[in-house]
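Visitor: I would like a close look at a single part of this structure. Please take me through the charged pairs, then the spot beside them.

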Amino acid sequence: MTIPNIITLIRLVIIPFYMYFLLNQKLFIAAILYGIAAISDILDGYLARKLNQTSELGKIIDPIADKLIVIISLVYLGYKNILPLWGVLILLTKEFLMLLVGLFFLIKKVEIISSKIYGKLAMVLISISILMALLSIPFQNVVFLIGLVISLIAGIDYLFFYLNNLKANKI
């Protein structure tokens, strides 16, 4: 077990506590836990590259940990009309489709690519908008919508990558 994978597992352990505080309207504590999770995501990625400890397990569990906390946040914030529900639904649909494509390629033993700069930037903006929403900081919707647009661009980029991969591998 690598250090980055241990950090990711800690992030997974944080999620039930985050949900508890979120559902009990303790948004400041939820924001702190979300911030810890976000920082640990940056840290595990940095350490994986710096210590040359990238792993197939990490490529799978890291995005799962990221997606879980973001999905939980978006569902809550969309349901409470803190973030625009239509934007949340678009983002969740895009993430679900990317998950299906990723699973397909995993089953077919095709290399799963790590996130690119668009995906990382989108995740940073969406995470910032979630923190802003949890802390009642104005303009969270603007940051969220910018993150949504960049996320859609990233999704299109991944789609073209995988379509080209399909053609090249005749899957």
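Guide: What follows covers the salt bridges, then one serine.

This is a predicted model, where local features need pLDDT of at least 70, side-chain atom pairs count only at pLDDT 80 or more, and totals for chains, interfaces and linings use all residues. Residues are numbered from 1 along each chain as its sequence is written, and side-chain values use heavy atoms, with hydrogens and water left out.

Start with the count. The structure holds six salt bridges. A salt bridge is a side-chain nitrogen of Lys or Arg within 4 Å of a carboxyl oxygen of Asp or Glu.

Take arginine 11. Its salt bridge with aspartate 62 has the closest N and O atoms 2.4 Å apart. Arginine 11 sits in helix α1 (residues 3–23) and aspartate 62 in helix α3 (residues 56–79), so this pair ties together parts that are 51 residues apart in sequence. Helices here are DSSP runs (H or I, at least four residues), numbered from the N terminus. Both arginine 11 and aspartate 62 are buried. Buried means under 20% relative accessible area, exposed over 50%, and partly exposed in between (1.4 Å probe, protein chains only).

Arginine 11 has another partner. It forms a salt bridge with aspartate 66, and here the closest N and O atoms are 3.2 Å apart. This pair also links distant parts of the chain: arginine 11 is in helix α1, aspartate 66 in helix α3, 55 residues apart. Aspartate 66 is buried, as is arginine 11.

Now move along helix α3. Lysine 67 forms a salt bridge with glutamate 95, with the closest N and O atoms 3.0 Å apart. Glutamate 95 lies in helix α4 (residues 85–107) and lysine 67 in helix α3, 28 residues apart. Glutamate 95 counts as buried because its relative accessibility is 14%. Lysine 67, at 30%, counts as partly exposed. Shared partners join salt bridges into one network of Arg11, Asp41, Asp44, Asp62 and Asp66.

Last, the serine. Serine 73 is also found in helix α3. It is buried, with a relative accessible area of 0%. Its side chain makes a polar contact with the side chain of tyrosine 18, at 2.5 Å. A polar contact is a pair of N or O atoms within 3.5 Å; within protein, one must be able to donate a hydrogen and the other to accept it, and residues adjacent in sequence count only if both atoms are side-chain atoms. A polar atom of the serine 73 side chain also lies 2.7 Å from the backbone oxygen of isoleucine 69. Beyond neighbours within four places in sequence, serine 73 is in contact (heavy atoms within 4.5 Å) with Tyr18, Leu22, Tyr34 and Ile130.

How values were computed: Helices (H or I, at least four residues) and strands (E, at least two) are DSSP runs, numbered from the N terminus.
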